[in-house]
Amino acid sequence: MSLRLLLPENGVVDLLTTWPDEPRVYERGSTELDATVTAEFLDEYVETGCVPASEIAVVKAPNPSLNRDAFMRNGRTDAAKLRQLHDRGFTIRLGNLQRVVPFLARASRRIQEETAGYSNYVHAFLTPPGNQGLRHHWDQQMAVIVQVAGVKRWQLWRPPVVAPMREYNESWRVWRDDYIPRWEAAGPDLEFDLKAGQSLILPRGWVHNPSVAEFDKRSLHLTFAIRERTRLWLAEQLLAGAIEREEFRRIVTPGEMRGMELSRQLAETRAALMDYVADLDLPEVASAVGQAAMTELEYTT
């Protein structure tokens with residue numbers, strides 16, 4: 001089971017049975033993941049210049065991410081530029097490692113199978129000693145943080161919004177200028193110094209402000225972001241076959257897109273959708289939905 005690469009047995013049970021809504025730290029120990037995706041492995045990946053520029057983010061708090069020109073030359077990733085930025089205190093984020101590292105590709109697919117269809121992705125964060133990359137923010141999906149090297153201090157605050165997902169309640173979309181001053185004045189609700197061999201389950205919506213706890217050692221961690229399926233996703237699957245009915249493919253003319261005529265079109269469409277859903281063979285649909293959950297890789301739920 002690939003989840004056991006990230007968590008001990010009790011952590012796997014917690015994840016699959018209760019889906020924790022509060023952060024939890026687990027003693028992972030050393031797994032095949034630790035033996036495979038090492039600091040040396042990621043250093044070599046960066047040094048070769050093989051990392052796609054589109055999958056790199058370079059950031060140092062409190063500033064936003066640098067433009068890609070800062071680490072590119074002639075349209076490609078420049079390893080020397082990345083190294084220089086890292087030496088200056090910038091965090092290097094390597095995105096979507098499940099697309100380029102076979103070991104992580106296999107782990108990602110197995111995690112999707114083990115969770116009955118939760119797609120996922122893997123980012124690596126390389127942060128220099130005593131520095132910080134991203135500041136306070138929250139994410140739209142559960143994450144399992146796997147500390148590979150060094151110590152990362154995680155200051156955490158309870159979610160300021162309810163059940164963020166996709167574009168709904170993303171931190172940067174609903175951000176308020178008083179958030180950080182208020183959080184810092186109150187202090188974190190939870191704080192963990194995550195060490196190598198430990199993992200943190202971080203539920204969606206929890207505000208996190210991570211920084212390197214040591215001034216003589218850098219931090220390296222992997223974030224396994226797990227995209228939970230939602231009832232909205234199930235609703236979209238229920239309607240996925242509606243395109244096969246001609247009535248849903250009929251053109252709505254410009255004249256029908258305004259005023260009272262638009263209201264009538266919406267009412268008729270709602271009635272047609274209700275009839276369509278009522279006629280569905282749910283066991284047959286369930287089979288198709290289960291297959292879709294297992295095969296969708298890039299969908300954000």
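The largest nonpolar core of this predicted model has 42 residues, and those touching the most other members are Leu6, Leu33, Leu94, Leu97, Leu104, Leu222 and Phe224. In soluble globular proteins, nonpolar side chains tend to be buried together.

Strand S10, residues 198–202, is mostly covered, with five of its five residues buried. Gln198, Leu200 and Leu202 point one way from S10, while Ser199 and Ile201 point the other way. S10 runs antiparallel to strand S1 (residues 24–27), to which four bridges join it. Four bridges also join S10 to strand S7 (residues 142–149), and these two strands again run antiparallel. Leu200 is the bridge partner of Val25 and also of Ile145.

Charged side chains form a further set of links, with 21 salt bridges found in the whole structure. In one of them, Glu184 pairs with Arg135, their closest N and O atoms lying 3.3 Å apart. This pair links distant parts of the chain, 49 residues apart: Glu184 belongs to helix H7, and Arg135 to the loop between strands S6 and S7.

Another salt bridge joins Asp193 to Arg153, with the closest N and O atoms 2.7 Å apart. Here Asp193 lies in strand S9 and Arg153 in strand S8, 40 residues apart. Asp193 counts as partly exposed because its relative accessible area is 28%.

Arg264 and Glu261 form a salt bridge whose closest N and O atoms are 2.4 Å apart. Because these residues are three apart in helix H10, about one helical turn separates them.

Definitions and conventions. Residues numbered from 1 in each chain as written. Predicted model: local features only at pLDDT ≥ 70, side-chain atom pairs only at ≥ 80, totals over all residues. Heavy atoms only, no water. Core = buried A, V, L, I, M, F, W, Y, C linked by side-chain atoms within 4.5 Å. Buried < 20%, exposed > 50% of the residue type's maximum accessible area, 1.4 Å probe, protein only. Pairing = 2+ DSSP bridges. Salt bridge = Lys/Arg side-chain N within 4 Å of Asp/Glu carboxyl O.
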